[in-house]
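Okay, thanks for coming, everyone.

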Amino acid sequence: MIRHDRRRLLRGLVHGSLAGLPLAQLLARSAHAQTAAASPARILFVYIPDGCSPEHWHPRGSTTGFTLPEMTQPLAAHRNDLVFLRGLNMYAGGSTHEGGIRKVLTATNDVSLDVFVGQYYREQSAHASIHLGVASTHENGAGYVSYLGSEQPIVPEDNPLRAFERLFGAPGSPSDPEARRQLSVLDAAQADLGRLQSRLGQTERDKLDRHTESLRALENRILAADPGSGGVCGNPDWNSQGWSVPAGYNSYPAYWNRDDQFDSVARLQMDLAVLALQCGLSRSITLQFSHAVSPTSLPQIGTSQRHHDSSHFDANSAASIQTFITWKRWYCEQFAYLLQSMKNAPGSQGSLLDETLVLLCSELGHSARHDHRDMPFVLAGRGGGLQPGRFLDYRTANGGDGDTHAKLLVSLGNAAGIPIDRFGYTGHGTGPLSGLFA
């Protein structure tokens, strides 16, 4: 919701943890954006914790003739919407859980790709980037995937009700267009702007006018997405089950971070991510499930063992690995739900999934070995011209060493319409990942 805050306007309209670039840089980014691809993809980044067992995760077979093993089997119904990647490694930056989550979207760059994409298109949406979590802050989590700068992690919003309010306005907020215009930051700051203009020379006044016009356009986009504007964005069909925090609840952990609320919050945050994409609130959204060294326990899925504990399976014990398989299947079931929701959501041409790229990622490869090789990356959608329904194996690249996931991040940036040839680590070359896009 737009608030009366003159100082915030004059500082560059910084919004909470979704901090933007200074105004001059915003205008430069807008100019760059106009030269980008005609239909750049929106990107949804989805993180799940604690790696995988590569043997039970990666497909078996050829590029188009492949089958899915136990962990990823729940995605079989969506195989024609997916690209499974094998043989990608994360280099440098530490080989722990914490090092992995720090670099999965940065490749040791200071800024993570989700933030980079969002800032590039800052002027074209109400929010540069949106960061949602599912118990991502529970039990002092071992890191976050999104970074605003060096050692500046962005903490996701774990409370779906608060996230909805930040994106669509509080219940009972003005629905009449004229009433919503009363909330305009620019209108409230007109006197301050007038005094500032009187002290500036003509060149600086012209710059301020351009900045003001740019901010007015941004306000209009925000108002267009506010409740009351009509359609799915004005009357969001969200939280139909009426999930809420019990009256008087004031215990640790926060109600939305409790294990018995994990699956409910997961559905709400996935629904909210889809709604935000459909309403054009941002070109970059990140959904972080739990965190590295995940403490989550979900007896309702058939195991009382915590997720991280199950990730330290004995590779020689069928009984031990089965618990971890159960966990990974559950996460793939959630991903399948997300993909189906996006297929059901209409886009400008086809479905929302047709216009979006979705990256599923984690911070480890083989979880029991704590390595960063053969990472469990999966892409979904057709945004940016991605051709799904494939299994791409890069294990033979670089003389059999595999390829760097930094090239995957470059490819995603290119698909979003950003002309980059490197992102973070360059020790295994630059440019995009070969064969991913035509």
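So, to begin: which residues does K328 touch, leaving out those up to four places away in sequence? The list is I48, P49, G51, W57, M71 and H307, where touching, or contact, means heavy atoms within 4.5 Å.

Numbering starts from 1 along each chain as its sequence is written, and side-chain values use heavy atoms, with hydrogens and water left out. This is a predicted model, so to speak of local features we need pLDDT of at least 70, side-chain atom pairs count only at pLDDT 80 or more, and totals for chains, interfaces and linings use all residues.

Back to K328. You'll find K328 in helix α14, residues 318–344. Helices here are DSSP runs of H or I with at least four residues, strands are runs of E with at least two, and both are numbered from the N terminus. K328 is buried yet has no salt bridge. Buried means under 20% relative accessible area, exposed is over 50%, and partly exposed is in between, using a 1.4 Å probe and protein chains only. A salt bridge needs a side-chain nitrogen of Lys or Arg within 4 Å of a carboxyl oxygen of Asp or Glu. For K328, the nearest side chain of opposite charge is D50, 6.4 Å away. On charge, Lys and Arg count as positive, Asp and Glu as negative, and His and the chain ends are not counted.

Zooming out: the protein has 16 helices and 13 strands, and 55% of its 438 residues count as buried.

Now the inside. The largest nonpolar core has 63 residues, and L44, F289, F335 and M342 touch the most other members. Helix α14 gives the most to this core, 12 residues. By nonpolar core I mean a set of buried Ala, Val, Leu, Ile, Met, Phe, Trp, Tyr and Cys residues joined through side-chain atoms within 4.5 Å. Another core lies apart from it, with 43 residues, including L85 and M375.

In β10, the bridge partner of L44 is V358. Strand β1, residues 42–47, pairs with β10 in the parallel sense over six bridges; for two strands to pair, DSSP has to find at least two bridges between them. β10 also pairs with β11, residues 377–381, this time antiparallel over four bridges, and there L357 stands opposite G381.

How covered is β10, residues 356–361? Six of its six residues are buried. T356, V358 and L360 point one way, L357, L359 and C361 the other.

Last topic, charges. Side chains of opposite charge can pair when their charged atoms come close. The structure holds 13 salt bridges. Take R86 and D374: their closest N and O atoms are 2.9 Å apart. R86 is in strand β4 and D374 in the loop between β10 and β11, 288 residues apart, and both are buried.

R162 and E157 also meet in a salt bridge, at 3.4 Å, N to O. R162 counts as partly exposed because its relative accessibility is 40%, while E157, at 12%, is buried.

And D393 with R395 comes in at 2.6 Å, N to O.
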